[in-house]
Amino acid sequence: MSFWGKIIGGIAGFATGGPLGAVLGAAAGHAADAARLGPGAANLAALLGSREQLFAISVVVLSAKLAKCDGPVKREEINAFKRLFRIPPENMRDVARLFDEAKQSPEDFETFADRLGEAFADNKAMLEDVLSALFQIARADGPLTKGEVRFLQRVQLGFGLEARSWERARDGEARPGAGDTPGIDPYKVLGLPANATDEEVRAAWRRLMRENHPDALASRGVPAEFVKRATNKVAEINAAWDRIKRERKL
């Protein structure tokens, strides 16, 4: 069995967990060897048609290659990765092997960013969370370097995120802010100007609710930490929407 076949088979449970993860893992490992696609892990994950596997593989590879792009990988960066992407103990060995393989070189990360951006184009909120996590990994061993900034800018491009998303991820700013917190503009929470029409406000609220709904994220195998954050964001989005409704008497 090829290296990537074993990794993709073993890592499936990292994103899905439980019996389903085991079934997907066995199927993925078999498909990987049958396909004989060599080291093209991002392409292989896409071929298998599983967004959960693609997510799991991509976040590990991007984290490892980011840690490598400013020199030797530091323990602080590895610890930050483990903290941000909670890995079940039964998957730790496979994830560690993939991380170690990916960290050999900072190159060839672009395909992973592009594939992840394409697969989750309907959930920019989750992609922004991933970018924010990558910023934290980059800063774990000190200030950002030029190489890390270039890496993260390319990830932003692959994810299809706007400049405001970059700024929030870079600055560690909550996305979005709490709607009813004093001093927080509820329109900024929804990403709208104050003169937006009622229909524009309603449409933005619905879109953000779809993107952040914790049940939808959980069904896609997104890590529990992201699901928890999504739950908080849904409350913030609803608070902003309720405040605007009261002010506009909708």
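Author: This is a predicted model. Start at glycine 172, which follows helix 10 and has a positive phi, near 65°. Step back into helix 10 itself. Ser165, Trp166, Arg168 and Ala169 are buried there. Viewed down the axis of helix 10, these buried residues fall within an arc of 165°, so they line one face of the helix. Helix 8 and helix 9 are among the elements that cover them.

Now the core. The largest nonpolar core has 39 residues. Leu62, Val155 and Phe159 have the most contacts inside it. Helix 10 (163-171) supplies at least two of its residues, as does each of helix 4 (51-68), helix 5 (75-84), helix 6 (92-102), helix 7 (110-119), helix 8 (124-139) and helix 9 (146-159). Helix 8 gives the largest share, nine residues.

Take Leu62 next. Leaving aside residues up to four places away in sequence, Leu62 touches Phe109, Phe112, Ala113, Leu134, Phe151, Val155 and Phe159. A separate core of 15 residues lies apart from this one, and includes Val189, Leu190, Val201 and Ala240.

Leu62 also belongs to a helix pair. Among the residues of helix 4 that meet helix 7 are Leu54, Phe55, Val59 and Leu62. On the helix 7 side, the partners are Phe112, Ala113, Arg115, Leu116 and Ala119. By class, this contact has ten nonpolar, one polar and two charged residues. The two helices pack at an angle of about 145°, with axes 10 Å apart. Helix 4 passes helix 7 in a left-handed crossing.

Conventions: Residues numbered from 1 in each chain as written. Predicted model: local features only at pLDDT ≥ 70, side-chain atom pairs only at ≥ 80, totals over all residues. Heavy atoms only, no water. Core = buried A, V, L, I, M, F, W, Y, C linked by side-chain atoms within 4.5 Å. Buried < 20%, exposed > 50% of the residue type's maximum accessible area, 1.4 Å probe, protein only. Helix = DSSP H or I, 4+ residues; strand = E, 2+ residues; numbered from the N terminus. Contact = heavy atoms within 4.5 Å. Axes fitted to C-alpha atoms, helices over the stretch in contact; angles between N-to-C directions. Left-handed = near helix turned anticlockwise from the far one by under 90°. Nonpolar A, V, L, I, M, F, W, Y, C, P; charged D, E, K, R; others polar. Arc of directions from axis to C-beta.
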